Amino acid sequence: MNASQPGEPPLPNLNRPLALDRDRLSATTPKNCIPGNLLFQWHITERCNLRCAHCYQDQSLGSELPRDGLLAIHEQYLRLLEQWRKAGNRVRGHVTVTGGEPFTHRDFEVLLECLANHHQAHTFGILTNGVLIDPPRARWLRKLRPAFVQVSLDGLPETHDRLRGAGNFHEVLKGISHLRKAGIYTVVSFTAQRGNFREFPQLVEIVRRYRVNRIWADRLIPAGNAASLRDPMLDAEETREFFNLMLQAREKAASHWWFRTEVSMHRALQFLVGGGHPYHCTAGYSLLTVMPNGDVYPCRRMPILVGNLLQTPLPELYHDSPVLRQLRDKTRLGENCRHCLHRAACRGGLKCLAYATTGDPFQGDPGCWLLQPRAGADRFQAGGRAASISNGTNCCSASLVSKKEAD
Ligand code: SF4
Ligand code: SF4
């Protein structure tokens with residue numbers, strides 16, 4: 001399901017294969033590249049006890065693997081890490097288990113205990129909506145030593161409940177409270193959209209009181225259940241405003257010794273406002289996503305089918321997939337980013353947002369206020385409003401010149 005709203009331009013067909021440039025592929029993407037770490041984001045089920053408006057799951061309950069299938073996939077991941085390490089590479093492994101809601105999978109606990117038994121090979125974390133976490137579950141999780149448990153909060157109670165269901169905000173806070181009492185490193189994620197992004201600073205104040213260790217935020221991607229939600233997407237000026245709000249919240253947190261919650265700004269384009277090490281898309285290089293039936297995507301937010309682990313072994317998919325190899329190509333940038341001074345570090349911002357809105361992940365992040373419009377092409381419009389980038393004053397090089405002049 002990928003329907004646009006009446007009066008809007010049609011959304012791209014996201015099921016079509018990526019255009020493949022074979023010459024470029026062989027020239028710039030070494031077949032046997034090995035990452036320094038491999039994050040395996042594993043959606044073990046589509047089932048969920050909630051129905052959130054902006055969920056990336058498409059709500060179709062496809063097949064999910066029972067215990068033996070889960071353990072076989074984990075074995076493939078272990079073997080790939082071992083193969084790379086035996087060849088003399090230092091590769092860190094990390095598995096993030098999620099869903100749907102992972103606690104609804106009947107073999108979730110078996111899988112987590114298996115992951116916990118392989119602490120030498122990789123760390124692991126859990127993404128959950130948090131409402132199924134009670135004190136005994138939190139104590140059990142603590143024994144398994146996850147690197148973190150992450151839950152989502154998408155605004156103040158009224159906004160969050162509108163998106164995720166009545167009463168959910170307080171249920172999530174209860175889950176957070178149990179996690180923190182058990183001493184588990186707890187992360188809150190926030191999905192920014194037009195209707196909630198200005199609530200972020202107040203949300204930081206709330207999660208601070210619950211001693212959440214870290215809060216981070218990324219922008220809504222119109223994919224999965226959210227594919228028809230163009231209106232709530234931030235345009236470029238809203239994106240910049242949001243990052244400034246994040247920066248203020250981060251600086252406030254850093255200025256008080258009693259403020260134990262880190263406001264993290266390590267997502268796409270956030271370095272433009274918050275400084276620090278720039279984020280670039282790692283999908284297909286140090287990030288792979290596995291779906292409940294064994295399908296592999298570069299990233300959950302970029303649902304391009306790479307293959308299936310029940311049919312093709314992981315090393316083969318990782319090294320041979322044309323899709324993954326193109327995504328690893330550092331030189332592949334859209335026209336819009338070609339002249340940007342940040343292009344080497346940023347590599348086009350949120351590739352998933354470019355993919356969701358144009359069908360081409362290499363087009364440059366539509367929320368970037370430095371992006372130059374392609375000649376002859378309309379700038380992406382979020383929510384029917386122009387993303388307020390025009391030729392000249394707001395383009396990347398022009399804004400850098402005017403900053404120098406202002407200095
Ligand atoms: S113009 Fe492109 S490379 Fe430059 S900051 Fe924006 S998205 Fe990144
Ligand atoms: S930019 Fe998007 S596709 Fe790439 S790793 Fe980040 S979330 Fe995934």
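1. Which residues surround ligand 2? In this predicted model, the shell holds Ala 268, Cys 281, Thr 282, Ala 283, Leu 287, Cys 299, Arg 301, Met 302, Leu 350, Lys 351 and Cys 352. By class, the shell around ligand 2 splits into 8 nonpolar, 1 polar and 2 charged residues. Leu 287 also belongs to the sheet: strand β8 covers residues 287-290.

2. Ligand 1 has a shell of 13 residues. The closest are Cys 337, Cys 340, Cys 346, Gly 349 and Cys 368. Here the division is 7 nonpolar, 4 polar and 2 charged.

3. The sheet is open and has 10 strands. Read across, the order is β7-β6-β5-β4-β3-β2-β1-β8-β9-β10. Its pairing is mixed. The edges are β7 (262-263) and β10 (307-308), each of which pairs on one side only.

4. Look next at strand β1, residues 37-43. Of its 7 residues, 6 are buried. Strand β1 lies between β2 and β8 in the sheet order. With β2 (residues 92-98), β1 pairs in the parallel sense over 7 bridges. With β8 (residues 287-290), β1 is again parallel, joined by 4 bridges.

5. Arg 214 stands opposite Glu 262 in β7.

6. Now the confidence. The protein chain averages a pLDDT of 84, and 79% of the residues score at least 70. Among the elements, strand β3 (residues 123-127) has the highest mean pLDDT, 98. Helix α14 (residues 396-406) has the lowest, 28.

7. Two stretches call for caution. Over residues 1-17 the pLDDT is below 50, and the model gives this stretch 22 contacts beyond near neighbours in sequence. Over residues 376-407 the pLDDT stays under 50, with 48 contacts beyond four places in sequence. Helix α14, at residues 396-406, falls inside the stretch 376-407. Where pLDDT is low, predicted coordinates should not be read in detail.

Methods: Residues are numbered from 1 along each chain as its sequence is written. Chains are lettered from A and ligands numbered from 1 in the order in which they are written. This is a predicted model: local features need pLDDT of at least 70, side-chain atom pairs count only at pLDDT 80 or more; totals for chains, interfaces and linings use all residues. A residue is near a molecule or strand if its C-beta atom, placed from the backbone, lies within 6 Å of it. Ala, Val, Leu, Ile, Met, Phe, Trp, Tyr, Cys and Pro count as nonpolar, Asp, Glu, Lys and Arg as charged, and the others, Gly among them, as polar. pLDDT is the predictor's confidence in each residue, from 0 to 100. Helices (H or I, at least four residues) and strands (E, at least two) are DSSP runs, numbered from the N terminus. Two residues are in contact if their C-beta atoms, placed from the backbone, lie within 7 Å. Two strands pair if DSSP finds at least two bridges between them. A residue is buried if 20 or more other C-beta atoms lie within 10 Å of its own, exposed if 12 or fewer, and partly exposed in between; C-beta atoms are placed from the backbone.
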